[in-house]
Amino acid sequence: MGKLTLGVFSSLVGSLSMDFAVKLSEAAVKKGHKVDFWVSGNGTMLSKKAQRAFKDYSALEKKLQELFATGNFQATACEACAEARGYRKEDTMEGWQRHSMDWYLASCFSADKVLHIGGD
Amino acid sequence: MAIKKFAFVVKSLPYKTEASRLALTHAIASQTVEIYLEDGENVEPVVAFIGDGVLNCLKNQKSMNTYGVTSNEQHLKNSLLLDLRVLICKEDIDKFGISEDALIMDAEDIGGETRARVVPFSEIMQEMDSASHLLFF
Amino acid sequence: MKLGVLVSDFRNMDDTLSKLRADTLGIILVSNGVYHAKMKEGGKPSSVLEKSPHLYALSEDLQTRGFADTDIDGRVKAITYNDLVDMIFNEYEKVIWI
């Protein structure tokens with residue numbers, strides 16, 4: 001089994017590209033792979049806690065918690081991109097890390113496969 | 001493999017979205033990735049502008065004056081200052097009728113020595129072929 | 001190089017796709033890219049379908065948009081997320097999203 005690093009810069013809720021990335025992560029983890037999930041830019045919205053699940057809006061917090069619980073999924077948000085958007089450390093969902101962009105490059109370095117979703 | 005090449009391929013236009021800016025800042029982050037890696041390991045970035053993405057390379061961007069944000073021009077110059085390899089697709093600048101004079105080709109004004117290169121897409125494709133990972137923006 | 005290209009949009013994909021060269025080029029239609037598998041304009045199927053013999057469309061994204069897996073261009077194979085994971089790990093050296 002291998003490691004997939006996903007870099008996702010798409011907006012939460014505003015674009016289903018983020019949902020695609022989370023669903024792909026689920027499928028990969030279920031197959032026994034490890035997944036590193038990096039969000040930058042508008043993608044940092046995904047790291048914010050207390051997302052309300054309405055039927056009209058995609059809701060990913062629960063799926064993320066399930067993924068974290070597998071032990072084969074780690075998610076990291078770009079600290080600068082998050083802070084620029086007013087997301088402080090205390091606003092961050094449990095399980096998420098926050099690092100600078102070099103973390104993503106390091107994750108890619110050790111990944112078997114990288115899929116970068118660079119925008120909405 | 002001790003050194004892995006990552007190709008940052010930019011096809012997005014600047015400013016409406018931050019995609020192309022993030023391409024440059026992520027490529028620049030290669031300067032500090034070593035802290036996470038084993039001795040002797042490193043990332044070699046190459047940044048390639050293709051399609052509409054070549055318009056990121058036009059001089060005289062005034063985003064700092066107009067929106068208070070660092071321009072992609074400045075980010076591109078920072079990349080060259082840090083000796084990142086920057087390639088600009090020849091076919092696409094020819095398509096737009098852009099001459100090299102209109103492009104950001106160097107960072108000499110801030111002490112940089114590395115120049116960007118206008119190259120045929122086939123050369124960019126070779127870089128993509130030999131890269132370990134591809135990141136399209 | 002075996003390159004998998006996840007095509008996520010219906011417009012403005014031709015320029016990049018026409019340029020890419022690979023020993024094997026897989027075109028995997030996802031998100032709005034699945035419209036290429038179904039829609040015709042002026043009676044003609046999408047030119048994206050001419051770019052490679054290896055054509056796939058994500059079944060969930062087809063269904064999201066009101067299309068059945070059996071309802072798409074015969075050249076395109078409907079795949080699941082599980083299939084996509086296998087393709088990423090086993091069939092393509094590199095994958096990109098456009």
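Start at C:Gly26, whose bridge partner in strand 5 of chain C is C:His54. This is a predicted model, so treat every value I give as computed.

Strand 5 of chain C has another partner. Four bridges also join strand 5 to strand 6 of chain C, residues 76-79, and these two run parallel as well. One position to look at is C:Leu58, which stands opposite C:Ile79 in strand 6 of chain C. Between strand 5 and strand 6 of chain C, the chain passes through helix 3, residues 59-64, and this β-α-β crossover is right-handed.

Is strand 5 of chain C buried or exposed? Strand 5 covers residues 54-58, and four of those five residues are buried, so the strand is largely enclosed by the rest of the structure. A residue counts as buried here when 20 or more other C-beta atoms lie within 10 Å of its own.

On confidence, chain C has a mean pLDDT of 96, and 100% of its residues reach 70 or more. For the complex, the predictor gives an ipTM of 0.96 and a pTM of 0.94.

Now chain A. Chain A has four helices and five strands, and along the sequence they follow the pattern β-α-β-α-β-α-β-α-β. How does its radius of gyration sit against the globule rule? The radius is 13 Å, close to the 14 Å that the rule gives for 120 residues, so chain A is as compact as a globular protein of that length. Along the principal axes, the C-alpha atoms of chain A fill a box of roughly 35 × 30 × 25 Å. Of its 120 residues, 52% count as buried. As for contacts in chain A between residues at least 6 apart in sequence, 76% of them join residues at least 24 apart.

A:Ala50 has a positive phi of about 65° although it is not a glycine. A:Ala50 lies in the loop between strand 2 (34-39) and helix 2 (61-70) of chain A. With 7 C-beta neighbours inside 10 Å, A:Ala50 counts as exposed, because the cut-off for exposed is 12 or fewer.

In chain B, phi of B:Asn60 is near 70°, again positive in a residue other than glycine. B:Asn60 sits in the loop between strand 2 (42-49) and helix 2 (63-67) of chain B. B:Asn60 is exposed, with 8 other C-beta atoms within 10 Å.

Last, the interfaces. How many residues of chain A are in contact with chain C? There are 16, and they meet eleven residues of chain C. Helix 1 (17-30) and strand 5 (113-117) of chain A each supply at least two residues of that side. Helix 1 of chain A gives the largest share, six residues. By type, the side of chain A that touches chain C divides into eight nonpolar, four polar and four charged residues.

The contact of chain B with chain A takes 22 residues from chain B and 18 from chain A. On the side of chain B, the elements that give two or more residues are strand 1 (3-10), helix 1 (19-28) and strand 5 (133-136). The largest share, four residues, comes from helix 1 of chain B. That side of chain B divides into twelve nonpolar, seven polar and three charged residues.

Terms used. Residues are numbered from 1 along each chain as its sequence is written. Chains are lettered from A and ligands numbered from 1 in the order in which they are written. This is a predicted model: local features need pLDDT of at least 70, side-chain atom pairs count only at pLDDT 80 or more; totals for chains, interfaces and linings use all residues. Two residues are in contact if their C-beta atoms, placed from the backbone, lie within 7 Å. Ala, Val, Leu, Ile, Met, Phe, Trp, Tyr, Cys and Pro count as nonpolar, Asp, Glu, Lys and Arg as charged, and the others, Gly among them, as polar. Two strands pair if DSSP finds at least two bridges between them. A crossover is right-handed if, with the strands pointing away from the viewer, the path from the first strand over the helix to the second runs clockwise. The radius of gyration is taken over C-alpha atoms; the globule rule is 2.2 Å times the number of residues to the power 0.38. pLDDT is the predictor's confidence in each residue, from 0 to 100.
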